[in-house]
Amino acid sequence: MTALEAGMLSQTLLLVVAIAAALATPLSWRSRVSGTFCTLLAAAGIVTGAIALAGGTGSLSIPTALPMDPLALSPDRLGGLVMVVVSVVGVLASLFGIGSARVASASRTAWLSMAVFLFGMQLVPAATDVVSFLLFWEIMTLGSTALLLAHHATRGTVASALVWYSAMSQLSFFFVLAGFAMLAGLAGGTGFADLATIDPFTWQASVAFLLLLLGFGGKAELVPLHVWVPRVLPEAPGHVAAAMSGAMVNIGVYGALLVVVRLLPDGPAWWGVLIMALGGVSALYGILQASVASNLKVLLAYSTTENMGLVFLGLGASVLLRADNATAAADAALVAALLLMLSHAAFKSTLFLGAGAVARAAGEMNLDRLGGLGSRMPWTAAAFGAAAMGAAALPVTSGFVAEWMLLQALIHGSRVDGEVVSVAASVAMPLAVAVIALTAGLALLTFVKAYGIAFLARPRSQEAKQAREVPVIMRIPLAIGALLVIGLGVLPGPLAVAIGGAVGPEFTPDVRTIGLAGIDARGIDAVLDPITFVVLAGLLLVPVLIVLFLSARRHPTRTSPLPWAGGGSRLRPRMQYTATSYAEPLVRVFDDVLRPSRDVEVTHAGESRYLVERVHVEQSVSDVVETRLYRPVLNLMQRAGILARRAQNGSIHRYLSYSFVALLVVLIVVSL
Amino acid sequence: MSFALWTPLAIPAVLALLSLVVPSPALRRLSPVASSVAVLVSGLLLVSAVLADQVPTLAGGLLRADALSAYMLTVVGAVGLVSTWGGLGHAGNVPARFAGSYDALISVFLAAMSLAVIADNIGLMWAAVEATTIATAFLVGHHRTPRSLEAAWKYVILGSVGVAIALLGIVLIYAASRGTGEATLSWLVLSQAGLPLDPALIRAGGALAVLGFATKAGLAPMHSWLPDAHSQAPAPVSGLMSGVLLAVALYAILRIQTITDAVIGPDFLRIMLSVGGLLSLFVAAALLIRQRDFKRMLAYSSIEHMGMMAIGAAIGAAALPAVLLYVLGHGLTKATLFVISGRILEVEGTPKIDDVRALLVRRPGLAVLWLIAMAALIGFPPFSIFFSEVGIIVAGYATGMGVVVGIALVLLLVIFASLTRLTVAMTIGAPVAQTSASVAAPAAVLPSAAAPGIDVTGAMTGVVPAAGVGASVTPVDAEPRPEAPIVPDRSGHGPMLPLILALGTTAVVAFIAEPVGTLLTRAAEVLGGIQ
Amino acid sequence: MFTTVYPQLIGLCTGALLLTSALMVWRHSLLASIRLLSVQGFALAALVAVIGVEEGELEVILVAVLVLLVKGMALPWVLARETHATTRTDEAPRLNPTAALLTVALLTILSYVVASRLLTGDTSISAHAAPIGLAMVLIGFLLLVTRRQAGSQLIGFLVLDNGIATVAFLTSGGVPLFLELGISLDVLLVVVILYVFAGRMRNKFGNTEIDQLRKLHD
Amino acid sequence: MTGAAAIIIALVQLVLFVFLAPVLIGVIRQVRARLEGRAGSGIWQPWRDVRKLLAKNPVRAAGSSWMLAAGPVTLLVSSLLLCALLPLVGTLPLPLIPSDLFVIVSVMLIGVVALALVGLDAGTAFGGMGSSRHMTVAALVEPTLLLAVYALSIPAGTSTLSLIVETRLANPAVIISPVSLLAMVALAIAIMAETSRLPVDNPSTHLELTMLHEAMVLEASGRDLAWLELGSWLKLAALLGLLSNLIVPWGIVTDFSVLGVIVGVGTVTVKVLLLGVVLSVGEVFLAKARLFRVPELLAGSFALGLLAVTASYLVA
């Protein structure tokens, strides 16, 4: 038995143990015991993935009663990489869960399904054939669906979230199933090795590609299949949301990678354009919705759509450039997409864990009622801040490195040796840069808002005022997450090299480390060593600090009980800007896209038309995709459902006529 | 091993007679379970014989157990065991006067289904299928309410008319077999390739027989009896009907398909079964969207699954093992669900989804299993329906039936979403404060329902509105107790072991390559599947 | 000698079968329909007997006796008892007689078309008469679809069944005896069950109108 | 060798701009005062302000956090980084730290974020308002900025600013190409918005309807305010320096020599101050745009940038 096989077996065993632990332990101990086993399960995933990433081999076959091609688990390097990523998030989420899961979210079901969820996610990248891929994919879906049950008894919105989530998951699953089944039909076998022999330039391959893209895009929360995200993630406990938004989306990305890297690596250029369009629209739409969201979890959820959109943008650029023979840029774009995925996993799970900590401490996810948590929960604030910087792609975070790499690939991609590679590329690349830039700008606003409103200023509610820092066991994953965000941002070199190795042999990016651990993308002539910026900034800080200390010694800071506020009246906390008001200018700018509904109600004082007693303003931004695309379909279905009842109206004569007509039709057909 | 061919017929028959004659409640109640065990054990014995490359025959070849028959017999036994054992609590509420006949009829029903799958003669099989109609007619009408009477009437009329059409088809096949010199109805003879059968007659006969058996299999547009009968029959009977009766009819279709395919090629029945399958999916989808009754919901889900199996049959050889595995998985899951639905109906006193809320909080004992079984039903792994569906769809694309399978997937999605919505509506959420009459009514019925041997079954289905009105004036409601803490009811309201066993079996069966895989392969080979 | 009369006899019997079926569609009175059903049973038995004599098989003649007893006597008797017991309610079918008879004609034509395609290889006399059986099946079905009384539906079912039996005897000289026994038993049991249900219906509702069975729907 | 030279040039840039930035502001204000018929406070007044602020006790509200202290420092450091990295006096790149377009923009954004957080931290209505408007503008400016420089980078084939400037020096025809002109206009508008100048923001108003920058620094006092002001001035000076070097690249140091550095210092000082005068004169004739008209302006410049980029592909 090889190490890889042992790793996968140990995951299976740990799943069984974790399930047993979840079922057997009493409530008072459950979170600690089950959380530990879930952590171990995820840790086993890290080890297994690392072995695979390092080139370990081994295969585990799953017995099946149906006579089909053998189901085998054997992660390649790319699979290993993804396995490591989801497992790291799994470890963070499980650790956090040990501390945070109480009452409902510590139920048997919750911990049991957490283990199932992690297990499914960790083994999807190990699948080497269609059926086992779908098997673990659905195990993952089942686990995550059951996790949503946690607060069903206290929150009325869980039910609709569950329905949306299951339906959309199943939609994704059916897309993937149909796509893979088509490919398997073409290839004459269900093994990925068989599928890789297909010629991508047939219409069947293109249809299958479209189906797979939609399926995986749905899991990666891309527009227009993202509608479940803002409903579901707010209902999930923090650690579950972290696992879903930080890890599960990566499985969607992995699926897309599997298609464009492993199975159909040399697809037509329009595939790339399509992926880029899907990604670009998702990125813009996601960040726009995130920027106007007031619920912290909804904000983070939409931001996931944005980040995944960027990942797909990179992926699409890679496909397009490869089709145009701009290989070096294509490789770099792929590396960038993977870097983005990794960095997103790090910062988004930290952000969701931070949101979970806030929810626990303040019992509130509405930014309009938070505030001043920075001084009350310094650890959480620091970790959340670091992760928010990552999400806003500011320097010395992983997010920055990834976006830098993507932009470099894009601007170097449209030309090879000074020649324009293709019209498609020369239009798509600038547009992509514009999309990324706009996205980055809005992301900046979004996360300034998220951090600034929640952690700075004065508390806007009593709950926020009474918030206390979370226990140590919850701070540990937060700290690890934040360190990952910063660490990957400062020392990204080895990771980029590992990614470069993982996408081979189809893609062969020439990425090396430079300096301490910087990135040197030879193919596109781009160099970044973030550590030097840290050093430089440190050097520049020295004189400033010297002046500061000199000044501070002579002129110490005074503290006033209230802000000056332009010399106005005594400001109460609720006079502060809220998240809603913070986003107001932006809502006005993007009025046509967001289509907010405003309701202004003026109560006049007495008879006067000019004296106003109070003004009530209500503004809500709904998801345009949902209201314009899904609602009509759902309404139509509801109406069809009511109409269909007439077919089954209880009259036996009608039923007999059905049979009679069927009999006549059959008689006529057989005599034709 | 041939004795195992008569045990599934004789033991239930004897038990049926005993339960009618001997006035012992214990024997009476346990007799269906014993019958199921007899069928199951016989099935397993036959399976072991088949795996040892034997083909037991009896009565001059009239009864014959090849791999397919042995497998189907096992499924009948297993699903029967789950339904009858799980339904033990339910049977306790049967009016004493009819109790004997109820249990006897279940035994007869099991024997008839056993006969249908082990008969090596189309005519005998037809008679056995018709016998199931006769046996279940009174079972459907068992509650003796106007509604159950209505369901029974529709069931008998539609069912026997359908089966009569099948008979017409069989007659034509018999006529066609005169070309072989000796007219015969033996499966074994007729499925041989290269027989000089009249293609026109075989075509018409096959089509009519399939159409007829499609009635019993619940395929649209012949499905109309199914929701009514399933929703009105006592839960164990519904479980048996949905779990195996439909499958037995499908078995007949598969056998006939083998005969016709050998003569006129697969295309004709492929189109017919595809149309039937898609129509079934469509009907199920359309009527599940706004379904209001949870037993009818299960019934339409049966139509859906039969539709998928029909599509699998249409795809042919490549999908047959998946279809056969589907039969087992669906049978066990659906029997479990019907048994639980019977218990929910019993304790909640209403079949309306709108009136059954927050089960997971109020009655976790029932809701947890219900949710797991629903997950199995809508095709989540590790339950075997997942593998069957994937197998059918992959085989469909490989056979060039991508369009059919694609449409099926769209309809399956609608069905999935509807089933999820309805299940969630029943189980998830916080219970309404105990001030509304709808919640109080079942509470008022509950004590008497729990007491064994008292006739409340009729009252439950027929007089629920009255009970609701009555409850609304009881002191419970007069006293506003909005903050009364809800004590979760963790009781399973009946034997839990059979349900757990059934779900456990469906969860693991797909992963057992030996002997299940071999058996499925052999059974598919019987139908001209994998060579 | 018999061989010359044989085609005429077959024609006579099948003609009687078709005629009775058509008359049943025409007549609304339940009692009349039962009498016609009885006549049809006799005609069917005669048909079987003719075929039995022609083929010289005792088994088939036994079947003829069985048919006579069950379809010609027992079932009509049961039905008649049922009908006498109730107040006489004449049928108000869902299709007016003219349209119904027109439909019967169309169905008969359809049967001829279908049968002509099916029995291409068979030129025997009996095969020529086979469309009658098919037409009876369809007419029986039509009765089921259009009649509102429980009793009338039962009759429709029996006509359908007679049609199948006719097809069976005309195309292949009937099915094996033990099967015929089984099939007859099954049909008998179905009729008995329906009879019992009709009784229950009358207990619950006071009549046997099928239209009131519309409580179960979506 | 080049490394040492680059470090020296970076140091020179830093020292020069720390002194130059307040003077630039002084010049701008003085020119404006004169044009408006006022006497003005002289070009050294900003320097005096900074010194005064450093010698005062900062006052912070009780609820405010460390951000009020750290934010201004961060802004200052980010502006200093800009001064060190941009090709102002010379185009020699620091080893391992190319003055990459994306890096520069990101460094600038750190300052933007720090300022916005300072505005929020005070917990006042004004601070939040300024922060919100500031970030909205920043979000819309960033794409323009990136696209404009991207357009400029295409002829050079690299996103490194120093190389872009060198290309323009070597091949002046590029400067007046239509693509370049489009890009320069877009860049200019973006820089005006980024540095809170008219017509996006009025640096000399405290009227609540129009304030952006001033609203955020309202709660800052003492050295906090000094850092904020100095940081903002530095950013303006550095960006004007970049703009001027892109328009008129001559005089910039490409090969290290002492004389070259002195010439470079001289030319860049002149160029920045001249541009400051132009800016100031322009501002006299401009009115502040209504806040909700600002996005239109930025959208326009974004369109120009995009046009420039696509044109450079399709024309070239």
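Of the 4 pairs of chains in contact, which chains share the most contacts? Chains A and D do, where two residues are in contact if their C-beta atoms, placed from the backbone, lie within 7 Å. The structure is a predicted model, in which local features need pLDDT of at least 70, side-chain atom pairs count only at pLDDT 80 or more, and totals for chains, interfaces and linings use all residues. Residues are numbered from 1 along each chain as its sequence is written, while chains are lettered from A and ligands numbered from 1 in the order in which they are written.

The contact of chains A and D takes 67 residues from chain A and 65 residues from chain D. On the side of chain A that touches chain D, the elements giving two or more residues are helices H14 (373-376), H16 (398-413), H17 (423-455), H21 (530-554) and H22 (579-589), together with strand E8 (558-560), of chain A. Helices (H or I, at least four residues) and strands (E, at least two) are DSSP runs, numbered from the N terminus. H17(A) gives the most to this side, with 15 residues. By class, the side of chain A that touches chain D comprises 43 nonpolar, 20 polar and 4 charged residues; Ala, Val, Leu, Ile, Met, Phe, Trp, Tyr, Cys and Pro count as nonpolar, Asp, Glu, Lys and Arg as charged, and the others, Gly among them, as polar.

Chain D makes no contact with chain B, the closest C-alpha atoms of the two lying 39 Å apart.

Within chain D, the axes of helix H3 (residues 67-85) and helix H4 (residues 101-121) come within 8 Å and cross at roughly 160°. Axes are lines fitted to C-alpha atoms, for helices over the stretch in contact, and angles run from 0 to 180 degrees between N-to-C directions. H3(D) and H4(D) are therefore roughly antiparallel to each other, a term applied to angles over 145 degrees. The residues of H3(D) that meet H4(D) include D:Gly71, D:Leu75 and D:Leu82, and their counterparts in H4(D) include D:Val107, D:Gly111 and D:Asp121. This contact of H3(D) with H4(D) involves 15 nonpolar, 5 polar and 1 charged residues.

In chain A, A:Ala345 is located in helix H13 (residues 327-362). A:Ala345 is buried, with 29 other C-beta atoms within 10 Å; the term requires 20 or more other C-beta atoms within 10 Å of the residue's own, with C-beta atoms placed from the backbone. Leaving aside neighbours within four places in sequence, A:Ala345 is in contact with A:Val85, A:Val89, A:Gly246, A:Ala247 and A:Asn250.

Chain B contains 24 helices and 2 strands, and 69% of its 531 residues count as buried. Among contacts in chain B between residues at least 6 apart in sequence, 82% join residues at least 24 apart. Among the elements of chain B, helix H13 (residues 294-315) has the highest mean pLDDT (96) and helix H22 (residues 475-478) the lowest (32). Over residues 434-483 of chain B, pLDDT stays under 50. Where pLDDT is low, the predicted coordinates should not be read in detail.

Terms used:
A residue is buried if 20 or more other C-beta atoms lie within 10 Å of its own, exposed if 12 or fewer, and partly exposed in between; C-beta atoms are placed from the backbone. pLDDT is the predictor's confidence in each residue, from 0 to 100. Angles under 35 degrees count as roughly parallel, over 145 as roughly antiparallel, 65 to 115 as roughly perpendicular and the rest as oblique.
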